Amino acid sequence: MSEELHDIRMVVNGAPVAARAPARRLLSDFLRHDLELTGTHVGCEHGVCGACTVLIDGEPARSCLTFAVTVQDRDITTIEGLAAEDGTLHPVQQAFKDTHALQCGFCTPGFVLSVCGFLAEHPDPDDDEILEGISGNLCRCTGYQNIRRAVAQAAGDLRATGIPACGRAAGQGGPE
Amino acid sequence: MKPPAFRYHAPRTVGEALDTLAEVGGDGKVLAGGQSLIPVMNMRLASPGHLVDIGGVEGLDEVVVTADGVRVGAMVRHRTLERHEEAHRRNPLLRQALSHVAHPVIRNRGTTVGSIAHADPAGEMPAVLAVLGGHVTVASVRGTRDVDAADFFQGPLQSSAAPDELVTGVSFPHPGARGGTAFEELARRHGDYAIAGVAVVVILDEDGRTASARAAFTGVGDVPIVVDLTDACVGAVPDDGIGSPDAVELARGAIAPESDIHATAAYRRHLAGVLLGRGLAAAGRRAVAGAEGGTRP
Ligand SMILES: Cc1cc2nc3c(=O)[nH]c(=O)nc-3n(C[C@H](O)[C@H](O)[C@H](O)COP(=O)(O)OP(=O)(O)OC[C@H]3O[C@@H](n4cnc5c(N)ncnc54)[C@H](O)[C@@H]3O)c2cc1C
Ligand code: FES
Ligand code: FES
């Protein structure tokens with residue numbers, strides 16, 4: 001049987017996109033292979049590591065546990081959608097950079113988007129909330145302490161600047 | 001790890017979904033939040049020929065709080081139920097347990113009904129449904145029926161729903177004004193499946209003494225194991241502690257834990273008793289606060 005293809009449309013980082021793919025195409029592979037947005041990383045492919053986390057309608061979700069065909073017409077934000085057009089980093093990205101919250105960087109896109117979703121809901125988190133907020137993501141390099149610091153810094157920066165936790169930096173044309 | 005090919009169906013109504021399920025029979029699977037089904041497909045442990053995606057089916061995404069209980073539709077995500085203030089006020093056990101189900105990011109997609117339909121003996125929500133004495137509503141082209149929790153869970157990942165049946169919703173009865181609840185578990189990391197866990201309901205009589213107590217355990221048997229602890233707890237005043245050695249002994253005798261790489265059976269049995277003691281104390285405290293008209297934290 002030749003595999004049936006579906007027309008899949010969605011809005012990725014504010015721009016409408018479309019591609020034909022089989023129903024079994026995971027959102028992670030749709031982003032990476034069909035749209036060539038390779039910032040979304042794939043680690044375990046069964047929901048455990050969090051590397052593939054993206055925002056679906058502003059809420060973090062595992063793209064490896066989502067079939068692309070099931071998110072027709074939804075708003076997807078990937079790591080490519082956070083910095084401003086001029087390259088200014090989003091406060092969460094900047095905080096990871098400032099606090100050395102990454103080494104190899106493989107886990108970072110997933111962490112950043114999980115943290116964006118977490119801070120949208122907890123603008124002023126305490127240390128326990130931060131730990132719980134990042135508990136769904138694995139990092140093999142950093143030992144997590146600097147990631148905790150990054151989240152705390154980002155929370156303060158987001159509150160001070162008013163930049164939306166899940167939008168594009170400097171508020172230029174990104175999905176809110 | 002890529003999932004095997006399947007035919008994708010996206011019905012818009014319950015009727016269409018049931019027709020499709022009847023057509024594809026045992027070769028079909030319902031796709032809800034996908035947080036349990038897609039991992040096993042990615043690992044090629046399951047390869048259904050057809051997936052019936054109920055994400056676009058009308059009328060399945062409602063939480064209805066009635067005088068008797070909370071009715072949860074098949075597409076209500078764990079997160080939506082967890083955030084539902086009225087459901088929490090009337091039936092606090094739901095949020096108490098949901099905060100232990102996976103990580104928030106998984107809860108954003110996974111559904112509460114999917115977790116019950118999946119019948120994972122390590123899941124939290126099957127135990128919640130069991131301890132509250134709730135029921136599951138299943139529908140097929142042959143008709144609709146309500147199944148009590150006690151009859152629904154048949155074994156690990158086995159329920160009494162047939163392949164062509166859709167679980168349209170589940171009903172969680174309220175613990176009531178003189179009831180207090182708690183969910184206690186131990187997991188190696190927050191958000192992991194628990195090594196053992198317990199859902200507890202304590203009901204007080206008019207004098208503030210324990211009228212009845214029930215617990216349902218997760219992770220220590222093939223199905224959620226419900227233990228009626230009333231004989232061991234009746235008459236106890238919650239403030240003096242109702243986690244009596246009798247109750248713990250009764251429970252430890254009723255469960256059937258197994259050993260795996262995470263814990264031995266003996267450790268699980270010990271742990272279940274410790275968690276029960278904590279759960280009875282917390283549920284008792286909340287029952288007292290609730291009966292006095294305060295909020296039940
Ligand atoms: C990393 C990770 C950690 C997790 N940790 C936990 C945990 O600690 N505790 C826990 O309880 N769960 C945990 N889960 C599972 C999660 O709660 C799932 O969301 C839930 O078990 C299944 O819900 P779903 O909507 O995703 O179902 P799906 O994955 O879509 O479906 C699961 C199964 O149920 C069937 N099904 C679903 N809905 C229906 C329906 N309405 N009618 C008939 N059949 C149906 C499907 O056909 C399938 O066989 C975890 C998942 C992951 C990926
Ligand atoms: S790749 Fe999706 S969670 Fe690991
Ligand atoms: S920085 Fe290497 S895995 Fe996290």
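Trainee: How many residues does the contact take from chain A and from chain B?

Mentor: In this predicted model, the contact draws 31 residues from chain A and 29 residues from chain B.

Trainee: And what area do chain A and chain B bury between them?

Mentor: Chain A and chain B bury about 2600 Å² between them, with 56% of that area on carbon and sulfur atoms. On the chain A side, A:R24, A:L65 and A:F67 lose the most area to chain B, and together they account for 23% of what that side buries.

Trainee: Why quote an area for the interface at all?

Mentor: The size of an interface is often given as the accessible area lost when the parts come together.

Trainee: Which elements of chain A supply the side that touches chain B?

Mentor: β3 (53-56), β4 (59-62) and α3 (108-121) of chain A each supply at least two residues of that side, and the largest share, four residues, comes from β4(A). Sorted by class, the side of chain A that touches chain B has twelve nonpolar, nine polar and ten charged residues.

Trainee: Stepping back, how many salt bridges are there over all chains?

Mentor: Over all chains the count comes to 22 salt bridges. One within chain A is formed by A:R74 and A:D57, whose closest N and O atoms are 3.3 Å apart. Because A:R74 lies in the loop between β4 and β5 (75-77) of chain A, while A:D57 lies in the loop between β3 and β4 of chain A, the pair ties together parts that are 17 residues apart in sequence.

Trainee: Switching to the ligand, where does ligand 1 lie?

Mentor: Ligand 1 lies between chains A and B. There are 33 residues around ligand 1, and B:V30, B:Q35, B:L37, B:T111 and B:E124 come nearest.

Trainee: Which polar atoms sit by the oxygen atoms of ligand 1?

Mentor: An N or O atom in the side chain of B:T111 is 2.6 Å from an oxygen atom of ligand 1, whereas for B:Q35 a backbone N or O atom lies 2.7 Å from a ligand oxygen, and for B:A102 a polar backbone atom is 3.2 Å from one. Taken alone, ligand 1 exposes 970 Å², and the protein buries 93% of that.

Trainee: What makes up the shell around ligand 1, by element and by class?

Mentor: In chain B, β2 (28-31), α7 (112-118) and β10 (166-173) each supply at least two residues of the shell, and α7(B) gives the largest share, five residues. By class, the shell around ligand 1 has 15 nonpolar, 14 polar and four charged residues.

Key
Residues are numbered from 1 along each chain as its sequence is written. Chains are lettered from A and ligands numbered from 1 in the order in which they are written. This is a predicted model: local features need pLDDT of at least 70, side-chain atom pairs count only at pLDDT 80 or more; totals for chains, interfaces and linings use all residues. Side-chain values use heavy atoms; hydrogens and water are left out. A residue is near a molecule or strand if one of its heavy atoms lies within 4 Å of it. A polar contact is a pair of N or O atoms within 3.5 Å; within protein, one must be able to donate a hydrogen and the other to accept it, and residues adjacent in sequence count only if both atoms are side-chain atoms. Accessible areas come from the Shrake-Rupley method with a 1.4 Å probe; for residues, only the protein chains shown count as cover. Ala, Val, Leu, Ile, Met, Phe, Trp, Tyr, Cys and Pro count as nonpolar, Asp, Glu, Lys and Arg as charged, and the others, Gly among them, as polar. Contact means heavy atoms within 4.5 Å. Buried area is the accessible area (1.4 Å probe) that two parts lose on being put together, summed over both. A salt bridge is a side-chain nitrogen of Lys or Arg within 4 Å of a carboxyl oxygen of Asp or Glu.
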